[in-house]
Structures are given as C-alpha cells and as structure tokens.
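Here is a briefing on one protein model.

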Amino acid sequence: MDFELTEELKMLREMTYKFAVAECAPVSKECDEHEKYTPEIRKKAAENGLVGAWVPEAYGGAGAGFLGNAIITEELSRVDMGIGLNIGAATFGCEAIFQYGTEEQKQKYIPPVCRGELVSAGAFTEANAGTDVAGYKTRAVKDGSDYIVNGNKMFITNGTVCDFMVTQCITNPEEKKHNSFSLIIIPADAKGVTRNKIHGKMGIRASDTAEIAFEDVRVPQSNLVGKEGRGFYQLMHFFDVTRILVSAQGLGLGVACLETSVKYCKERTAFGAPLGSYQLTQKKLTEMAIMIEALRGLVYKSAWLVDQGKPDFTLAAMAKFYSGQTAVFCANNAVELHGGYGYIDEYSVQKWYRDAKILELYEGTKEAEILTIGRALMAK
Ligand SMILES: Cc1cc2nc3c(=O)[nH]c(=O)nc-3n(C[C@H](O)[C@H](O)[C@H](O)COP(=O)(O)OP(=O)(O)OC[C@H]3O[C@@H](n4cnc5c(N)ncnc54)[C@H](O)[C@@H]3O)c2cc1C
C-alpha cells in the first residue's frame, strides 16, 4: 500500500491551484453576485488539460485518470466551487458516452469537450422526480430512423450553455420500470428544445442551471447511448464515477474553510490573545482537519479504484455522503470562527457556507446515499 501521490499528480495539484488562484479568484465575487458563467476560464482550463482530465489521451483528455481529476476538482473548489464546476462538469454526461457509447460517439463528442470547444450536460432530473430515478417521464418514441422526444428536465447543470445533453428517456414503456429507460444524446440546438436558466440559487452561482423542455424533438436513433432499455442501470454506473468528483468538491471547499480559519484565528485576538490560543477554537479547527483527512481518504480511494478498473459504488456513495457532511460542517465552523465578519460578503466564508449545501442535495441527496449504502449492507 502506497499513499504517496506520484510526482505527476503532485505537479498537477500545484498547477491547478495556481491556475485557480490566477483565473478564478479575481472574478469569484462578481460571478457569485451576478450569476455569471465563465466560458473563457473553461476554455483556458481546457488549454491547460484541466477539462476532462479523466479522459484517456486517445479521446483528447489529459489521461490523468479519476484520481487526477479528483485532485483537479479539489484544487479548483478550494478557490471557487461554482467556477470549478464550470470546468469539471463541462464533460458531465460524457462519462456515459465513454462507458457505453459507440466509437463514433466517443470521437464525435468527447475530444471537442476536452478541447474546450463544446460543453456537455447530463439531463436526468425532472420537475416531478429527482431521487426517484425510475420515476422520470420524458418519452422517446421511434419514428422511422429517429426518436421523437417529449418531456422536461429540471435543474440541469450547463443547461443553457451546453451543446448536447445525455438525456434519460423512456423508450420501452411496455417493459418493467427499470428496463424501460435509455440514454439518448440530444443536441441543444435541436428544434423543439427550450432552455431557461434558473436564477436565484443559494450557492455555486457561477454555475449554469436550467429547466429544459422537449417538444417533438427529433434525434437520430444513432444517438442512443449503449443499449435500449438499459438506461437506468447505465445511469447508476455513471453516478458511481461522477459522485467521486462531486465528493472532491467538498474536499476542496473544506480545505479552503480550514486554511482561511487557521489564518484568521492566528491574526484575530480576543481577551488579549489570538483566537487560536483558546481550546474551544482549536476544537473547531481540529474537527474540521479530521473530517477533511477522512474525506480525502474516501475520495482518493474511490477514484483510485475506478482507475484500477474496480469501481466501488458503495465507497463512492460514502465519499459523496461524507463530502456533504464535511463541507457543511467546515463552512459552518468557518463562519462561526470569523464571528460577525463571517456573515458579511467581504469574507469568502459566507459564500462557502452557501456553496457547501448543494453537496448534500445534487448527484444524490444525502438520504439517497444512505439508501445506497444501507442496501449494500443489507445485501451482504
Ligand atoms: C444546482 C443544482 C444542479 C443540479 N444539476 C443536475 C444535473 O446536472 N443533472 C440532473 O439530472 N440533475 C441535477 N440536479 C438535480 C438534483 O440531482 C436533484 O435535485 C436531487 O437528486 C434531488 O431530487 P429532487 O430535487 O427531485 O428532490 P426529491 O427527490 O423530491 O427529494 C426531496 C427530499 O426527499 C428525500 N427523499 C426522497 N426519497 C426518499 C426516500 N425514499 N427516503 C428518504 N428520503 C427521501 C430527499 O432526500 C430530499 O431530502 C441539480 C440540482 C441542483 C439544485
């Protein structure tokens, strides 16, 4: 067992953090205030190999694996989780194309996303079904060599900025619920697609989130990803890897909260001594540090297992669950340690407090992760 990162991964970490400080930090506040998506930063990140770094070089990626990608996500989120998501989730949906798509689909969609020319989205959640993944109603009906898609999708990351969406649709309604779904690539500019940006998010406001409607959208049947009727199972495997990247977001945010709080507790004095000299303060910092280290173990191990060809969905669910817990805990402590200043937008901790909560909601709520882990325990 070797816990040491390779020299390449250490360099990747350093390079990513420098990139985030130089590119993301200066516009972080403005993007948060004005809900601004960051296409230029995404393109620059692509030039530096940071978009789709998990993608093998043969498909245009940096070939850094999921561990490399988790480290990139961590370092970007250490500076700005929303802008980091614009970089990290530019490939969201491509994981399914990579896992299940044809060679032609892989060549057509994945390299341009890694180059920063296209943006992908994964369109699964609907207005009336999120956690209930088998409850989606969007329907794709065969017509000649096409599918005609009708339905809606809700809360779709990159919704108004993407070029295509990997979309979960019912194609086989006559089959049992779990065998009725298929993943289909829908071009964002296809006739009948309407996309509306959702405004007013609590956090990650630099990220684009949208509601999408499909009205008689015609796409060729060659846009089917994987096997017809296998969409539900494919989506579950898709989440096994994407959840790890979301977990890495919480890791980066937690680190930012701890670093900033330690610095503040050294500088700020109360009752004639630095805040950090008081044991109650140290307890808060200590608990943050312990959770961050435990989370790092879960994130890196689950990413490493994917790179070894042995993905562990239970471990990925644990990482995702613990990421939300850690990020929310660390952000809360960071605000408290900053006292009244923590509540004012001059300090980043109030933003991190708002950003952190999404980690307990998207890519499976914390309750959904508990269900996944619980089922695995009971199946033993
Ligand atoms: C900013 C943002 C970005 C997002 N990006 C995407 C994206 O790119 N693509 C995409 O497809 N979706 C995306 N989502 C959607 C997100 O994944 C869902 O919101 C999430 O899965 C929860 O679904 P829901 O909102 O329908 O809540 P519901 O499923 O209605 O759940 C409501 C509450 O009930 C709980 N609950 C539900 N079922 C159970 C149960 N059996 N037992 C116990 N508790 C239960 C949930 O845990 C939750 O607390 C995004 C959401 C947000 C806010």
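Helix α8 (residues 231-267) packs against helix α9 (residues 279-307) at an angle of about 155°, and their axes lie 9 Å apart. That angle makes α8 roughly antiparallel to α9. This is a predicted model, in which local features need pLDDT of at least 70, side-chain atom pairs count only at pLDDT 80 or more, and totals for chains, interfaces and linings use all residues. Residues are numbered from 1 along each chain as its sequence is written.

**Helix packing**

- Axes are lines fitted to C-alpha atoms, for helices over the stretch in contact, and angles run from 0 to 180 degrees between N-to-C directions.
- Angles over 145 degrees count as roughly antiparallel, under 35 as roughly parallel, 65 to 115 as roughly perpendicular, and the rest as oblique.
- α8 and α9 cross in a left-handed sense. A crossing is left-handed if the near helix is turned anticlockwise from the far one by less than a right angle, and right-handed if clockwise.
- The contact of α8 with α9 holds 19 nonpolar, six polar and one charged residue. Here Ala, Val, Leu, Ile, Met, Phe, Trp, Tyr, Cys and Pro count as nonpolar, Asp, Glu, Lys and Arg as charged, and the others, Gly among them, as polar.
- Helix α10 (residues 313-337) and helix α11 (residues 349-356) also pack at an angle of about 155°, with axes 8 Å apart. They are therefore roughly antiparallel to each other.
- The crossing of α10 and α11 is left-handed.
- Residues of α10 in this contact include Ala327, Val328 and Ala331, and those of α11 include Trp352 and Tyr353. By class, the contact has nine nonpolar, two polar and no charged residues.
- Helices (H or I, at least four residues) and strands (E, at least two) are DSSP runs, numbered from the N terminus.

**Domain contact**

- The domain assignment gives domain 1 (7-114), domain 2 (120-229) and domain 3 (233-378). Such bounds come from an automatic or database assignment.
- The C-alpha centres of domain 1 and domain 3 are 20 Å apart.
- Their contact takes 21 residues from domain 1 and 22 residues from domain 3. Two residues are in contact if their C-beta atoms, placed from the backbone, lie within 7 Å.
- On the domain 1 side, α4 gives the largest share, ten residues.

**Ligand shell**

- 21 residues surround the ligand, and the closest are Gly130, Thr131, Thr157, Thr365 and Glu367. A residue is near if its C-beta atom, placed from the backbone, lies within 6 Å.
- β3 gives the most to the shell, with three residues.
- Domain 2 and domain 3 each supply at least three residues.
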